[in-house]
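Keep the structure open beside the text and look up each spot as it comes along.

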Amino acid sequence: MDHVARLGADVVYLTPIFTARSAHRYDAATFDEVDSLLGGNAALDMLTKQAHAWNMRVIGDLTLNHCGAAHPWYQTGSNDVRAKEREYFYFEPGEDGVERPATWLGVSSLIKLNFASNRLRDEMYRSESSVAKKWLRGENGLDGWRIDVANMAARRGEHDESHEVSREFVAACHEEKSDAYVVGEHFQDGRADLAAGGWHGVLAYSAFTRPVWAWLRADALPVGFPNSFLGSAFGVPRRDGVSMVSAMRAFTAGVPFDAVLRSWLILDSHDTPRFHELVGDRAKTKVGVGLQMTMPGVPMVWMGDEIGMGGVTCGEDSRRPMTWQNATVWDNALFEWNRRCITISRSSTALAHGSLSWLHVGSDVVVYLRETTDDRLLCCASRSVHAPVQFPAAMLQCEKILPVLGAQPTSMDGRIV
């Protein structure tokens with residue numbers, strides 16, 4: 001908590017905390033208790049109590065799409081065709097005629113949940129004793145949820161009740177805690193889901209992460225870097241600033257702006273390689289952080305990014321335990337850069353909910369304006385040396401520019417350079 005406070009963040013997002021068989025805990029064996037390896041329910045209560053005392057919030061991680069094969073619902077439903085729990089899952093006949101459960105991407109330990117069942121909806125979020133409401137309840141309750149693989153939840157083949165379930169889930173959370181925040185993981189194109197309402201926002205992989213990766217990546221990727229590009233079948237392409245901005249605009253087109261503002265801006269996550277490994281250059285890493293902290297959305301820093309922790313492959317390599325030996329391995333200059341950018345982000349109403357205007361888009365440099373009626377921030381991000389970018393001072397409707405980070409712009413003959 002001291003570290004988070006020093007960094008300047010005010011929300012802690014926890015990956016799954018429920019008892020499970022795996023280290024990642026997305027194969028929940030129960031939704032009723034915190035894993036004893038993490039300190040159990042008492043530890044979570046202590047964490048949220050301290051966070052709230054410091055005016056911080058805590059977000060939990062819930063998988064609506066599946067539970068673990070060890071979960072009592074599945075154990076009962078798979079062994080008794082008459083059990084009410086059987087309708088919580090998809091049991092489908094195989095080529096041999098034997099019924100088997102549907103799973104997440106064929107992983108046998110992750111059993112797909114079927115929200116055609118009203119009983120399951122009651123268990124997960126509708127009833128007063130539901131999973132969603134139980135953990136939000138009370139003074140020391142969680143403050144919201146990140147929904148794992150939200151784009152797959154309540155969907156299988158032609159059966160699609162995802163929009164209804166997402167709206168119901170958020171409404172149920174608000175019944176318990178009026179300001180609860182719910183964000184959905186969406187690796188692909190989340191526009192249709194956001195336009196339909198439901199999740200407050202999504203993880204902006206398509207609208208932010210992929211475009212920034214393609215713009216700032218190193219010429220040669222590190223050995224062992226995955227060939228897939230965040231769920232796609234191809235590697236990380238190298239693109240210019242025009243392509244980056246085009247992709248950003250395409251994947252936010254038609255999305256309500258409040259959903260854009262509530263979506264997570266992530267440079268990487270526990271499911272990806274570390275961004276700084278992809279970039280291979282601390283200066284460009286800082287450019288990525290600057291974009292993350294000034295674009296519309298909610299910046300989310302994956303644990304250890306702020307100190308330059310390693311992780312080249314997807315999965316466990318990027319899930320190394322946090323290193324606390326500051327003097328030996330921390331990149332303190334990177335930590336300070338993150339801290340300064342977060343301070344600017346939190347002190348600006350324009351960055352919190354202001355509009356976005358692209359003023360210049362070039363191959364190696366982009367300039368944009370975030371503004372409200374009371375606050376305006378001019379942002380310039382470059383990946384390499386470039387020709388000076390000039391604007392008529394009248395275009396910016398200001399007499400002078402006060403620098404908050406980076407080089408001081410200059411004024412010349414009625415132009416800002």
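## Salt bridges

In this predicted model, the side chains of glutamate 316 and arginine 319 meet in a salt bridge, at 3.2 Å from N to O. Glutamate 316 counts as exposed, because its relative accessibility is 51%. Elsewhere, salt bridges that share partners tie Arg121, Asp122, Arg126, Glu161, Glu164 and Glu168 into one network.

How many salt bridges are there by this rule? The count comes to 34. One of them joins glutamate 123 to lysine 84, with the closest N and O atoms 3.9 Å apart. This pair links distant parts of the chain: glutamate 123 sits in helix α4 (residues 118–126), lysine 84 in the loop between α3 (72–79) and β4 (91–93), and 39 residues separate them. Glutamate 123 has a relative accessibility of 27%, so it counts as partly exposed. Lysine 84 is partly exposed too, with a relative accessible area of 36%.

Another salt bridge pairs arginine 119 with glutamate 87, and here the closest N and O atoms are 3.9 Å apart. Once again distant parts of the chain are linked: arginine 119 belongs to helix α4 and glutamate 87 to the loop between α3 and β4, 32 residues apart. Arginine 119 counts as partly exposed because its relative accessibility is 44%. For glutamate 87 the value is 35%, so that residue is also partly exposed.

## The parallel sheet

Now for some strands. Five of them form an open sheet, in the order β1-β2-β8-β11-β12, and the pairing is parallel. Which strands sit at the edges? They are β1 and β12 (201–202), each of which pairs on one side only.

Inside that order, β2 and strand β8 (residues 144–147) pair in the parallel sense over three bridges. To find a spot where they face each other, look for glycine 60, which stands opposite tryptophan 145 in β8.

## A hairpin

Strands in a sheet pair through backbone hydrogen bonds, and they can do it either parallel or antiparallel. Strand β15 (residues 355–361) and strand β16 (residues 365–371) run antiparallel, joined by six bridges. Together β15 and β16 make a hairpin, with three residues between them. Tryptophan 358 has tyrosine 368 as its bridge partner in β16.

## Two packed helices

A pair of packed helices is described by the angle between their axes and the distance between those axes. For helix α8 (residues 205–216) and helix α9 (residues 241–252), the axes come within 8 Å and cross at roughly 170°. Therefore α8 is roughly antiparallel to α9, since angles over 145 degrees get that label.

Which residues meet where these helices touch? From α8 come Ser206, Ala207, Phe208, Pro211, Val212 and Trp215. On the α9 side they meet Gly241, Met244, Ala247, Met248, Phe251 and Thr252.

## Cysteines without partners

A disulfide is a covalent bond between the sulfur atoms of two cysteines. A search of the whole structure turns up zero disulfides.

With a relative accessible area of 8%, cysteine 379 is buried.

Finally, a look at two loop residues. Arginine 25 has a phi near 65°, a positive value in a residue other than glycine. Arginine 25 lies in the loop between β1 (11–13) and α2 (40–53).

Asparagine 55 has a positive phi as well, about 60°, although it is not a glycine. Its loop runs between α2 and β2 (57–62).

Buried or exposed: what is each of these two? Arginine 25 counts as buried, because its relative accessibility is 12%. Asparagine 55 counts as exposed, because its relative accessibility is 57%.

Technical notes:
Residues numbered from 1 in each chain as written. Predicted model: local features only at pLDDT ≥ 70, side-chain atom pairs only at ≥ 80, totals over all residues. Heavy atoms only, no water. Helix = DSSP H or I, 4+ residues; strand = E, 2+ residues; numbered from the N terminus. Buried < 20%, exposed > 50% of the residue type's maximum accessible area, 1.4 Å probe, protein only. Pairing = 2+ DSSP bridges. Salt bridge = Lys/Arg side-chain N within 4 Å of Asp/Glu carboxyl O. Disulfide = S-S within 2.5 Å. Axes fitted to C-alpha atoms, helices over the stretch in contact; angles between N-to-C directions. Parallel < 35°, antiparallel > 145°, perpendicular 65-115°, else oblique. Contact = heavy atoms within 4.5 Å.
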